[in-house]
Amino acid sequence: MKKIYDLSPEIRPDMISWPGDSCPEITLMHSIKYGSHSNLSRLTMTLHNGSHIDAPHHFFEAGIGASEIPLEILVGDVRVLRFGGVKTITRKMLEHADLKGVTRLILATDNESLWKKPDFDENYTYIDIGAAQYLTEIGIRLLGIDYLSVEDFQGLDGVHKHLLSQGVVILETLQLAGVPEGDYELYCLPLKLGKVDGAPARVILIERD
């Protein structure tokens with residue numbers, strides 16, 4: 001059987017969240033333990049908690065929403081590329097990688113060590129605007145990364161805006177520890193929420209033959 005990698009962190013109230021973004025809340029509304037016919041819970045969270053996609057509407061009022069993104073972009077062959085020992089992934093680094101024919105790319109970085117910390121760490125690895133421009137030039141349609149943002153904490157370079165304006169789906173908050181570099185089948189299925197800025201998604205990789 002092909003190995004399946006689950007890249008989605010568990011949704012829970014104490015999970016790492018972006019500063020200013022509320023943490024998820026899971027409330028038990030009805031309980032069998034206390035006499036109810038069934039257990040029923042309510043989940044309250046933002047659309048960017050946990051593994052999620054950013055849609056163009058996140059930064060552009062007229063941009064398409066999460067449910068308007070074609071499934072053909074979200075499912076298919078993907079390359080996992082590892083970068084260790086770097087804080088900023090640049091155009092030059094990507095130019096040295098073999099990305100010919102790749103349309104979906106997931107970046108595995110030293111960010112995986114940050115998941116061991118209880119709180120958000122703003123010193124994560126990200127891509128700069130030159131790298132973002134290179135990826136759109138070579139036809140990347142989906143870009144994922146192993147922390148809460150593809151862009152630096154201050155967001156000064158406009159990486160999100162550049163990628164989304166060029167139709168690149170951004171996939172954030174992935175956990176890639178133990179995933180070898182290479183090619184996989186990607187299944188990223190966001191909740192169908194309409195014209196919204198993003199959507200939580202369960203994300204898995206399946207080994208290829």
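Let me start with a term. A residue is called buried when its relative accessible area is under 20%, exposed when that area is over 50%, and partly exposed in between, with a 1.4 Å probe and protein chains only. This is a predicted model, in which local features need pLDDT of at least 70 and side-chain atom pairs count only at pLDDT 80 or more, while totals for chains, interfaces and linings use all residues. Residues are numbered from 1 along each chain as its sequence is written, and side-chain values use heavy atoms, with hydrogens and water left out.

I turn to the chain as a whole. Its secondary structure comes to four helices and twelve strands; helices (H or I, at least four residues) and strands (E, at least two) are DSSP runs, numbered from the N terminus. The chain has a radius of gyration of 18 Å, close to the 17 Å that the globule rule gives for 209 residues, so the chain is as compact as a globular protein of that length. That radius is taken over C-alpha atoms, and the rule is 2.2 Å times the number of residues to the power 0.38. Of the 209 residues, 47% count as buried.

Next, the interior. A nonpolar core is a set of buried Ala, Val, Leu, Ile, Met, Phe, Trp, Tyr and Cys residues joined through side-chain atoms within 4.5 Å. The largest has 26 residues, and Leu7, Ile53, Ile106 and Leu205 have the most contacts inside it. At least two residues each come from helix H1 (71-74) and from strands E5, E7 (104-109), E10 (169-172), E11 (182-190) and E12 (198-207). Which strand gives the most to this core? Strand E12 does, with four residues. Apart from this core lies another, of 23 residues, including Phe83 and Val159.

Now consider Arg79, in strand E5 (residues 75-83). Is Arg79 buried or exposed? Arg79 counts as buried because its relative accessible area is 16%. Its side chain makes a polar contact with the side chain of Asp183, at 2.3 Å. A polar contact is a pair of N or O atoms within 3.5 Å; within protein, one must be able to donate a hydrogen and the other to accept it, and residues adjacent in sequence count only if both atoms are side-chain atoms. Leaving aside residues up to four places away in sequence, Arg79 also touches Ile106, among others, where contact means heavy atoms within 4.5 Å.

Ser149 lies in the loop between strand E9 (142-145) and helix H4 (159-165). With a relative accessible area of 4%, Ser149 is buried. Its side chain reaches the backbone nitrogen of Glu151 at 3.0 Å. Among the residues that Ser149 touches, not counting those up to four places away in sequence, are Trp18 and Tyr124.

Finally, helix H3 (residues 129-137). Its buried residues include Gly130, Ala131 and Leu135, and what covers the buried residues of H3 includes helix H2 (91-95), strand E7 and helix H4. At the start of H3, a side-chain oxygen of Asp128 reaches to within 3.2 Å of the backbone nitrogen of Gly130. Just after H3, Gly139 takes a positive phi of about 95°.
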